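Reader: Hi! Could you walk me through this one?
Author: Happy to, let's have a look together.

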4 protein chains.
Amino acid sequence: MTTSRLEAFSDGVLAIIITIMVLELKVPEEPTLRALWDETGTGLLTYLLSFVYIGIYWNNHHHMFQIVRRVDGAVLWANLTLLLSLSLYPFTTAWMDDAINEYGWDEHTPVVVYGVNLLFAALAYYVLQLAVFRAEGGDSQLREALGSDLKGKLSPVLYVLGIVAAAFLHPAVGIVFFVAVAIIWLVPDRRLEQYVVEHQA
Amino acid sequence: MTTSRLEAFSDGVLAIIITIMVLELKVPEEPTLRALWDETGTGLLTYLLSFVYIGIYWNNHHHMFQIVRRVDGAVLWANLTLLLSLSLYPFTTAWMDDAINEYGWDEHTPVVVYGVNLLFAALAYYVLQLAVFRAEGGDSQLREALGSDLKGKLSPVLYVLGIVAAAFLHPAVGIVFFVAVAIIWLVPDRRLEQYVVEHQA
Amino acid sequence: MTTSRLEAFSDGVLAIIITIMVLELKVPEEPTLRALWDETGTGLLTYLLSFVYIGIYWNNHHHMFQIVRRVDGAVLWANLTLLLSLSLYPFTTAWMDDAINEYGWDEHTPVVVYGVNLLFAALAYYVLQLAVFRAEGGDSQLREALGSDLKGKLSPVLYVLGIVAAAFLHPAVGIVFFVAVAIIWLVPDRRLEQYVVEHQA
Amino acid sequence: MTTSRLEAFSDGVLAIIITIMVLELKVPEEPTLRALWDETGTGLLTYLLSFVYIGIYWNNHHHMFQIVRRVDGAVLWANLTLLLSLSLYPFTTAWMDDAINEYGWDEHTPVVVYGVNLLFAALAYYVLQLAVFRAEGGDSQLREALGSDLKGKLSPVLYVLGIVAAAFLHPAVGIVFFVAVAIIWLVPDRRLEQYVVEHQA
């Protein structure tokens, strides 16, 4: 099976997820900068964070399927599981947002749930990679391109640390861990890019 | 006529349907796990169920149009009818959700209507297959690939049983039937996959 | 310029328009068939009507750009104007819906405005055809394929009649005219299809 | 790396942005033309304005990536930044709308914020061009095609003037500047079109 329709469908879902989060932003009731900050400040910041996450996944997904040539049913379902986890971002983002706006840092649960959502997506992406390795057989080009995959292994660890920190220390500490993962990935995955350049140019 | 634009349009519609259902999820008012479960528990479960259904249709649609080479106006309209039936999932899902949240299992109608929607989609998919057979003429590759199409014939029967059970027995029994169909289909359609591998590789 | 990206973008916009109208459907407050009919009956019927219209435009758009090979800036903007007119369908549909639900057939304005929206889209489609003719130059294949274009010329006339009837006679008479146009077009455009089959097969 | 998936994803995001703004339009409560104008008049005009902006960006983006052959990670992220800025249009448009509806021209802030959003997008587009130049190396075809890029340099200047005018003179004067930019760009970018025709036909 070719990957073109899997890519097209994923592009569609990711495009929608990244865009509908803006519908969750509440328009400030007063026409002042203060109202914009008070009522929508948290919303804009978490929108930015979730936008960056979805952008990262799209970026890595894009790189992955530039190398992958063969997919099977297991890859299709692993991909759908990843999309399911990402489709929950607008929901968990909105809940965290509301809680921070109303209760400040007093409430830990929504930040923990947001972290669990991030972790779920990271694991789904990892499973997708495994499914691709299997579909490609022993000589997986993706596996070769990924190398030791340090970032891929570090992310779930940082998410778990963030979840634990948010649950038992302070929600803001958890968010620091989550932001750290985003920053690590913002540096695009040179390994895959390098591989593509070397083997396809 | 080639199938590329039909596939692109269907991908777009399915991507949107699968994603906007998350907009129907109500963000819990309290920042607690209990509120998450009480206010959004049913919503999350039915979201998952409808996500899986749309994922199954996308998967089967994908497999079908990897084999199909020729389409005509009848196929385009059969495809649009399928998309119409699927586009109603967010609506019937939300209604069932609300009813279960508010009335528990006392009210049968929304579950019955949800089942009718599922049945409508299954029949529309069946009609789409027939339209494709006709467009491809006597030597339809899809017909050959589908074989006896046991699952395709079993699904409407199970939906009807679920509707009857929801109407006259208990809504939860109906839902058990609906979930059963999802599980049957979650095993991807090996027949088509096999056919593609054998005839295209 | 090739047409692939124009088609992809149009597919995206049409897919979203056809799908978001379902978000305008209000979930009935009571879990009964009577409530479904009373609260959402009009909504479902007008949803169906607008879905069919968008489906028709997608269908004709699809056929048109299977023949068209050359586009220029004027075609891109004519296409965007068509998309603009279609993107207003959810809005005018919802307004007509609300009015019929609340005032029955006493109020003419929203039906008239809906008709004006339909007329706007028909004219935009006509302008798009002209822009394509011009871009293709003297030997436009599309012009040849369209022939006398009876349907294309009949539609605006029927819309105008519907608007006049809704304004001065009765809103329901206007809607009869609008439904008539949909039925005329539901028979897919054999001319173009024929042409494609003859010249490309 | 090829540009096809970057284009597909951008098409998806732009298609959604251009379409969901219609969801922000409030359906008038009365079934009269007066209510349509009073309650939705501003909304329709700013919808039109933002639709035209997104259409312009899609158009230019389309032209740009018809010339561009090579992209790298920096281009992907510059493109995502552009999409982020554009995804905020529905939000800032809705805020400006609400403020004008409720306070007339008394409040400057939302118009200024709208202008800042427009400026942000223009700068992001400019950065995207720079990233493309760099990815293509010394012999960038895009750079050659753009020539002196007068419009691209004029737009940010007009946006800044509009922002200053909205802040210190009158919001309506700011909007005049913003509309002026839209009109300048509505004339499609003949330079790129010319280049494509000359070098690809």
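**Helices, contacts and axis**

Author: Let's start with helix 5 of chain B, which is mostly covered, as 20 of its 28 residues are buried. Buried here is for a residue with 20 or more other C-beta atoms within 10 Å of its own, exposed is for 12 or fewer, and partly exposed is in between, with C-beta atoms placed from the backbone. Helices (H or I, at least four residues) and strands (E, at least two) are DSSP runs, numbered from the N terminus.

Reader: Before we go on, is this predicted or experimental, and how do you number things?
Author: This is a predicted model, where local features need pLDDT of at least 70 and side-chain atom pairs count only at pLDDT 80 or more, while totals for chains, interfaces and linings use all residues. Residues are numbered from 1 along each chain as its sequence is written, and chains are lettered from A and ligands numbered from 1 in the order in which they are written.

Reader: Thanks! What are the ipTM and pTM scores?
Author: The model has an ipTM of 0.83 and a pTM of 0.86.

Reader: And what is the mean pLDDT of chain A?
Author: For chain A the mean is 86, with 91% of its residues at 70 or more; pLDDT is the predictor's confidence in each residue, from 0 to 100.

Reader: Which elements of chain A have the lowest and the highest mean pLDDT?
Author: The lowest, 63, belongs to helix 9 (residues 190-200) of chain A, and the highest, 92, to helix 5 (residues 109-136) of chain A.

Reader: Back to helix 5 of chain B: what does it reach from its first C-alpha to its last?
Author: Helix 5 (residues 109-136) of chain B reaches 40 Å, close to the 40 Å expected at 1.5 Å a residue. The expected span is 1.5 Å times one less than the number of residues. Just after this helix, B:Gly137 has a positive phi of about 80°.

Reader: Nice. Is B:Tyr89 buried or exposed?
Author: B:Tyr89 is buried, because 25 other C-beta atoms lie within 10 Å. The residue sits in helix 4 (residues 89-103) of chain B.

Reader: What does B:Tyr89 touch?
Author: Not counting residues up to four places away in sequence, B:Tyr89 touches B:Ile17, B:Ser50, B:Tyr53, B:Ile54 and B:Asn117. Contact means that the C-beta atoms of two residues, placed from the backbone, lie within 7 Å. B:Ala121 is 32 residues from B:Tyr89 along the chain, and their C-alpha atoms are separated by 9.5 Å.

Reader: Switching to the chains: how many residues of chain B are in contact with chain A?
Author: There are 26 residues of chain B in contact with 28 residues of chain A. On chain B's side, helix 1 of chain B gives the most, with ten residues. By class, that side of chain B has 16 nonpolar, seven polar and three charged residues. Ala, Val, Leu, Ile, Met, Phe, Trp, Tyr, Cys and Pro count as nonpolar, Asp, Glu, Lys and Arg as charged, and the others, Gly among them, as polar.

Reader: And the contact between chain D and chain A?
Author: That contact takes 28 residues from chain D and 27 residues from chain A. Helix 1 of chain D gives the largest share of chain D's side, eight residues.

Reader: Which pairs of chains do not touch?
Author: Chain A and chain C do not touch, with nearest C-alpha atoms 8 Å apart. No contact joins chain B and chain D either, and their closest C-alpha atoms lie 8 Å apart.

Reader: Last one: what does A:Leu14 contact?
Author: Leaving aside neighbours within four places in sequence, A:Leu14 is in contact with A:Ile54, A:Tyr57, A:Trp58, A:Leu86 and D:Phe9.
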